[in-house]
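I opened my notebook beside the structure and looked things up one at a time.

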Amino acid sequence: MNYLPEGVVELILSQLKNARDIASSTCVSKQWQSCVPYVPSLYFPRAVFDYSQRGNNKGSDYDATIGRMIAEAIRLEELVIYCPFNPSNLGTWLNLRADTLRVLELRMDGFGDKPGPDGSGTQLDCIRVAKRLELLKIWGVSLTAAPKWGVLKQLKSLEIVGATVRDGVLEEVVHASPNLVNLVLLSCEGAGLVKFELGRLERCRLDFLGQGNIALFLSAPRLEDLYVQGFSSIWVKPNHRIKTLSIAKNHGRVYNVEMGKLAEVQSLYLRGIQWSWGAISSVLQYASDVTHLTMKVEFCGNSETLLPFPEVDLVNFFNSHPKLLKFDIHGAMFASFCQKNSLAKVNSNFVIPCLEEVSVIVRSALNAEQKLNALESLLTHTPKLRKMVIRVSQMKNCNEAADDFFEEVCKFRLMNHRVVCVE
């Protein structure tokens, strides 16, 4: 590298991000040391310092090292700090690079809502000085009090992971960035009501913990991708453009989903232990043009009692979703296709026109004959079907009847081995 032009050396070294690598490179030569101001990114990983010897003044020494490197990087655009640090120093660091900083990622380790260095506000208030931020990502923060950010007009992407929140605080945090395009809130807990109105939001992922009832109210006319987990009631203002929709709840029940017509939805994922049938049927009814559908809900009912799915007419279902290309169906929903009258309308004129892939999870040998008839109907009346996967590995009631059913499934696979496989 001694023979390379100075500009090329600067370009190569500017690709370094890890703070330890950058610090090591400054020891090579004065020329390499002079390239530090041109480094656009600084990344302090979790174990960047030797914390096994952290003692009396070690913590302040580490913070001093972080501050010194930030001060030297005069063109710093991206700052990522995952290692432990004293939040009271954050304001000083951000003031140094407020004019150039575009990306900021912080791991707070439970800090955030404590008073700032002057005894007022919160430790996150200082972020307001970085007016040119475009992406902000915060891990492990406590948001029981709203930070005073003013308005971050340039912020396009906000991600908060592992936060403890209170009702109303999260709303203030999000609305401080009115031009958000991407919003990600993962593993958040403590909220009972989540309410956002964002005119430019296009992608939203909300994952909330807890077994209680959490309600979501969302207004986003440009919204295209929505992933929500943990909500019992979901209301989205109908003036959206949602193309990908995923709703899940691993604990408790989903009572109500109101989103209006889902005319542009192409991919739909419904998951959870228990949903009310009204919520399921309304989503399926409004998403009539869906092309990829995943149904992995185990039970229905609005009370503590876990109820099976009601009978679903197979012909009406597929006639209501004529553009379906890929269908992933859990045992409960499949069982609803296998009731006494579910296949009553199947005849030679019935065709599933577009379906290419179907995956079925069978959890019980009950109504074995009806289930085999349903599988045969799917195969017979789907001219474009390329692949059918039958998963029976988690079957319940494993007795002789289950063995007989499994044997029939294997025969079905052998007769249609080019399309059908068993997992």
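Predicted model: local features only at pLDDT ≥ 70, side-chain atom pairs only at ≥ 80, totals over all residues.

**Entry: valine 174**

I began with valine 174, which is buried, with a relative accessible area of 0%. Buried means under 20% relative accessible area, exposed means over 50%, and partly exposed is in between, using a 1.4 Å probe and protein chains only.

Residues are numbered from 1 along each chain as its sequence is written, and side-chain values use heavy atoms, with hydrogens and water left out.

Where does valine 174 lie? I found valine 174 in helix 6, residues 169-175. Helices (H or I, at least four residues) and strands (E, at least two) are DSSP runs, numbered from the N terminus.

Then I asked which residues valine 174 touches, not counting residues up to four places away in sequence. My list reads Leu158, Leu180, Leu183, Phe196 and Leu198. A contact here means heavy atoms within 4.5 Å.

I also checked valine 174 against leucine 385, which is 211 residues apart from it along the chain. Their C-alpha atoms are separated by 45 Å.

**Entry: leucine 124**

Is leucine 124 buried or exposed? I read a relative accessible area of 1%, so leucine 124 is buried. Leucine 124 has its place in the loop between strand 3 (103-107) and strand 4 (135-139). From leucine 124 to tryptophan 149 I counted 25 residues in sequence, and their C-alpha atoms are 8.2 Å apart in space.

**Entry: two positive phi angles**

Serine 187 is not a glycine, yet I noted a positive phi of about 55 degrees for it. Serine 187 sits in strand 8, residues 182-188. With a relative accessible area of 32%, serine 187 is partly exposed.

Asparagine 367 is not a glycine either, and has a positive phi of about 55 degrees. I located asparagine 367 in the loop between strand 19 (357-361) and helix 10 (368-380). Its relative accessible area is 42%, so asparagine 367 is partly exposed.

**Entry: cavities**

How many cavities of 30 Å³ or more does a search of the whole structure find? I got two. The search uses a 1 Å grid over the protein atoms alone: a cavity is a set of points where a 1.4 Å probe fits but cannot get out, a pocket is an open set with protein on both sides within 12 Å along at least five of seven lines, and lining residues have an atom within 4 Å of a point. Grid points are joined across faces, edges and corners, and a volume is the space filled by probe spheres set on the points.

The largest cavity holds about 40 Å³ of space. I listed its lining as Val257, Glu258, Met259, Gly260, Leu262, Ser282, Val283 and Tyr286. Strand 15 (256-258) and helix 7 (277-286) are the elements that give two or more residues to this lining, and helix 7 has the largest share, with three residues. By class I noted five nonpolar, two polar and one charged. Ala, Val, Leu, Ile, Met, Phe, Trp, Tyr, Cys and Pro count as nonpolar, Asp, Glu, Lys and Arg as charged, and the others, Gly among them, as polar.

The second largest cavity holds about 30 Å³. Leu13, Leu16, Ile22, Ser25, Trp32, Cys35, Val36 and Val39 line it. That lining has seven nonpolar residues, one polar and no charged.

**Entry: the largest pocket**

I read about 430 Å³ of space in the largest pocket. Of the 20 residues that line the largest pocket, Gly331, Ala332, Ala335, Arg363 and Ser364 are the closest to its centre. Strand 17 (292-300) and helix 9 (331-336) are the elements that give two or more residues to this lining. Helix 9 gives the most, with five residues. The lining divides into nine nonpolar, seven polar and four charged residues.

**Entry: the chain as a whole**

Last, I stepped back and noted 11 helices and 21 strands in the chain. Of its 423 residues, 48% are buried. Along its principal axes, the C-alpha trace spans about 80 × 55 × 40 Å.
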